[in-house]
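The plan is to look things up one at a time and jot down what I find.

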Amino acid sequence: MDIVNINELIGNIELFVNKICGKIKKSDIKELRILKTKCFGKNGIITNFSKSLPQYNVSDRKKFGLQLNKAKKILEDAIVKRIEKSKSVYRDSEPHHEKLSYSKDFCFPFPKGSLHPIIQTIQDIIAIFKSLGFAVVDGPELETDWYNFEALNIPEDHPSRDVQDTFYLNENGIKKLLRTHTSPGQIHIMEKQLPPIKIIVPGRVYRNETSDASHSSIFYQIEGLEISENITFMDLKAVLVEFINRFFMSELNLRFRPSYFQFTEPSAEVDIQCNFCKGKGCKICKNLGWMEVLGCGMVHPNVLKSVNYDFQKYIGYAFGIGVERITMLKHNINDIRLFYENDLRFLKQF
Ligand code: DAH
């Protein structure tokens, strides 16, 4: 659908909202119920608009989605206002036919919670990867040195093993640790089955570091892994480009920048062009014009060897997404601590 049509559609939503709001104000409770169903019922106008959302392209969907959310809010507010008025009527012992079953008929107008932005991001990411054929698997948060480091080709003297970064624990005399990333999920799945493997592992990770605007000792990551017989870097690129465009709901400029991770070779980091300065360089992107979104690469043969895979036969790619980071980039949030302070003024915006 082109821009003219989407604008027309948005105009129609506005007209509809104005008309219904006028009616809501004047309606009695019985009429109000009918109007509510007309808007939000199974075949309600707002419900049908929402159902048609997926058929539009990404930028139209964004516009349309925003307008729909606005319309929902206006209508819900109008209904709440109308109910409040009827409550005062009831309190003042005016006609009792105004009496309502609030929980049955109007559950939504009461203060409604919403999913935490981090959970929303995880759900969005899962939905995208599921549609690309990935299965979702879980991994333990309490790990051993083998899964978190050794099997991932991270040598014993590597700084990320340092007590500075890792929380170590002792479980019945056995040295354990809190996973510092979701990459151990790769090892668990490969130990259990032979390729083809195509999974993501969402989860919480822990690092022994002081929190500041961009660091937190607990945060979330999503690991990705595909192993098969003839996977190339192009497969990795195609999956990540598709994911990023869908997650950010627009076609962004991105680049794959060579990088280094022990468990992948070659390795890369994916950057998106800074949304604030459009690549010119500003304070937010530290004058780089680009912002890092995730790490990825082709699975290192040593990782395949550590799970006894035939590394001549099997090949694959892996990637790791920082959930807080990607949420911050999407919504222009500049301090990771906002996610954990539970200030409703912040949370209510999502
Ligand atoms: N495990 C890395 C980290 O915590 C993220 C990562 C980078 C995961 C590259 C990957 C990858 O699978 O290929 O920083």
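Below are my notes, running from the whole chain down to single residues.

**Ground rules**

This is a predicted model, so I noted its limits: local features need pLDDT of at least 70, side-chain atom pairs count only at pLDDT 80 or more, and totals for chains, interfaces and linings use all residues. Residues are numbered from 1 along each chain as its sequence is written, and side-chain values use heavy atoms, with hydrogens and water left out.

**Whole chain**

I began with the overall dimensions. The C-alpha trace spans about 80 × 55 × 45 Å along its principal axes.

Next I looked up the secondary structure, and the chain has 12 helices and 10 strands. These are DSSP runs numbered from the N terminus, with helices being H or I runs of at least four residues and strands being E runs of at least two.

I then checked the domains, whose bounds come from an automatic or database domain assignment. Domain 1 covers 3–104 and domain 2 covers 117–347. Taken over C-alpha atoms, their centres are 41 Å apart.

How much of the chain is buried? Buried residues make up 43% of the 350 residues.

**Around the ligand**

I wanted to know which residues come nearest to the ligand. There are 15 residues around the ligand, and H181, S183, R207, Q221 and E223 come nearest. A residue counts as near if one of its heavy atoms lies within 4 Å of the molecule or strand.

Sorted by class, this shell has 5 nonpolar, 8 polar and 2 charged residues. The sorting puts Ala, Val, Leu, Ile, Met, Phe, Trp, Tyr, Cys and Pro under nonpolar, Asp, Glu, Lys and Arg under charged, and the others, Gly among them, under polar.

Then I went through the polar contacts. A polar contact is a pair of N or O atoms within 3.5 Å; within protein, one must be able to donate a hydrogen and the other to accept it, and residues adjacent in sequence count only if both atoms are side-chain atoms. H181 has a side-chain N or O atom 2.9 Å from a nitrogen atom of the ligand. A polar backbone atom of A318 is 3.2 Å from a ligand oxygen atom.

Taken alone, the ligand exposes 350 Å², and the protein buries 88% of that. Those areas come from the Shrake-Rupley method with a 1.4 Å probe; for residues, only the protein chains shown count as cover. The elements giving two or more residues to the shell are β6 (218–228), β9 (290–299) and β10 (315–322).

I picked out helix α3 (residues 45–52), where I46, F49 and S52 are buried. Why do they lie on the same side of α3? They cover an arc of only 125° around the axis, so they share a side. The arc is that of the directions from the helix axis to the C-beta atoms.

**Single residues**

I looked up T180, which lies in the loop between β4 (174–178) and α8 (184–192). T180 is buried, with a relative accessible area of 6%. Its side chain makes a polar contact of 3.0 Å with the side chain of N148.

V80 is in helix α4 (residues 58–91) and counts as partly exposed at 22% relative accessibility. V80 and I24 are 56 residues apart in sequence, with 10.0 Å between their C-alpha atoms.

The bond from P195 to P196 is cis, with omega near 5°, and P196 is found in the loop between α8 and β5 (197–206). The bond from E265 to P266 is also cis, with omega near 0°, and P266 has its place in strand β8 (residues 264–273).

N287, a residue other than glycine, has phi near 65°. N287 is found in the loop between β8 and β9 and is exposed, at 60% relative accessibility. N332 has phi near 55°; this residue is in the loop between α11 (323–331) and α12 (344–347) and is partly exposed at 44%.

Conventions
Buried means under 20% relative accessible area, exposed over 50%, partly exposed in between (1.4 Å probe, protein chains only).
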